[in-house]
Amino acid sequence: MSPARVRQRREPVFAERFGVFSECLLTGVWIAVASLGVVTYPAAFAAGARHLRRRAAHQDGGLREFTADLRSALRGGWAVGVAGWVAALLAWVDVQAVRAGLPGGPLVGAVGLFALVGLAVAGLRAAAVWAPGERWRVLLAGAGRRTVQDPAGSFLLVGGAVLTCCSALLIAPLAVPVLGAVAAAAVAVEERYRRR
């Protein structure tokens with residue numbers, strides 16, 4: 001048989017897509033385990049998103065590469081994790097002001113929750129484009145701009161976060177693998193924005 005007639009064997013479309021889906025679920029488990037350090041969640045999402053980008057590019061990579069990426073992302077990612085918890089605490093204080101009936105409380109509470117959602121989306125977008133050697137401050141600044149400039153993508157990520165919360169409320173163990181789907185959504189949103 002001549003070399004011109006030999007074709008590469010490809011996976012069936014269903015098998016390829018199911019493989020991506022199962023990889024997202026596995027990555028969600030890795031992200032959840034890596035996030036047990038409380039302030040490690042930005043680094044865990046960054047390592048998970050990088051793993052899914054490798055998978056989408058048909059490159060090899062597994063738990064060993066995920067762990068190496070996690071260690072690299074933790075260098076500045078832990079500070080981002082602390083800042084995220086501080087922002088959540090401030091949002092909780094805003095909600096308490098609303099519940100206490102303080103004057104202007106509903107407005108302050110709405111602004112605080114809106115800002116928290118915006119920060120979470122920017123954090124997801126920053127994690128989706130993270131690569132070893134990147135500075136989190138630069139990533140977050142760019143992600144903040146993209147969050148505002150691409151509202152459709154930002155709303156997609158908010159929907160993914162809402163889905164994760166609903167999954168956790170209905171069936172708590174389901175929220176763990178869904179984290180990988182949120183990371184995949186962040187990667188897809190960033191790829192969509194890059195190609196515009």
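Leaving aside its neighbours within four places in sequence, which residues is Trp136 in contact with? Have a look at the predicted model above and find that side chain. Around Trp136 you'll meet Pro42, Ala43, Ala46, Ala73, Gly76, Gly77, Val80, Ala126, Ala127 and Trp130, once those sequence neighbours are set aside.

Now let's zoom out to the core. Trp136 and Phe45 are the residues with the most contacts inside the largest nonpolar core, which has 33 residues. Who supplies them? Two or more residues of this core come from each of helix H1 (13-34), helix H2 (41-56), helix H3 (63-100), helix H4 (105-129), helix H5 (136-149) and H7. Of these elements, H2 gives the most, with seven residues. As general background, nonpolar side chains in soluble globular proteins tend to be buried together.

Next, the aromatic rings. How many aromatic pairs does the structure hold? There are two. One is made by Trp30 and Phe66, whose ring centres are 5.3 Å apart with 45 degrees between the planes, so the pair counts as tilted rather than edge-to-face, a label kept for angles over 60. Trp30 sits in helix H1 and Phe66 in helix H3, so this pair ties together parts that are 36 residues apart in sequence. Are these two residues buried or exposed? Trp30 has a relative accessible area of 14%, so it is buried, and Phe66 is buried too, at 3%.

The other pair is Tyr41 with Trp85. Here the centres are 6.1 Å apart and the planes make 85 degrees, which means an edge-to-face arrangement. Tyr41 belongs to helix H2 and Trp85 to helix H3, so parts that are 44 residues apart in sequence are tied together by this pair. This time both partners are partly exposed: Tyr41 has 25% relative accessibility and Trp85 has 46%.

Finally, follow the chain along to helix H7. This helix covers residues 175-195, 21 residues in total, and it reaches 30 Å from its first C-alpha to its last, close to the 30 Å expected at 1.5 Å a residue. Which residues of H7 are buried? They are Ala175, Pro177, Val178, Leu179, Gly180, Val182, Ala183, Ala186, Val187, Val189, Glu190 and Tyr193. Pick out Tyr193 from that list and look at its ring: Arg125 lies over the face of Tyr193, at 5.9 Å from the ring centre.

Methods:
Residues are numbered from 1 along each chain as its sequence is written. This is a predicted model: local features need pLDDT of at least 70, side-chain atom pairs count only at pLDDT 80 or more; totals for chains, interfaces and linings use all residues. Side-chain values use heavy atoms; hydrogens and water are left out. Helices (H or I, at least four residues) and strands (E, at least two) are DSSP runs, numbered from the N terminus. The expected span of a helix is 1.5 Å times one less than its number of residues. Buried means under 20% relative accessible area, exposed over 50%, partly exposed in between (1.4 Å probe, protein chains only). A nonpolar core is a set of buried Ala, Val, Leu, Ile, Met, Phe, Trp, Tyr and Cys residues joined through side-chain atoms within 4.5 Å. Contact means heavy atoms within 4.5 Å. Rings of Phe, Tyr and Trp (its six-membered ring) pair if their centres lie within 6.5 Å; planes under 30 degrees apart count as stacked, over 60 as edge-to-face and the rest as tilted. A charge sits over a ring if NZ of Lys or CZ of Arg is within 6 Å of the ring centre and within 35 degrees of the ring normal.
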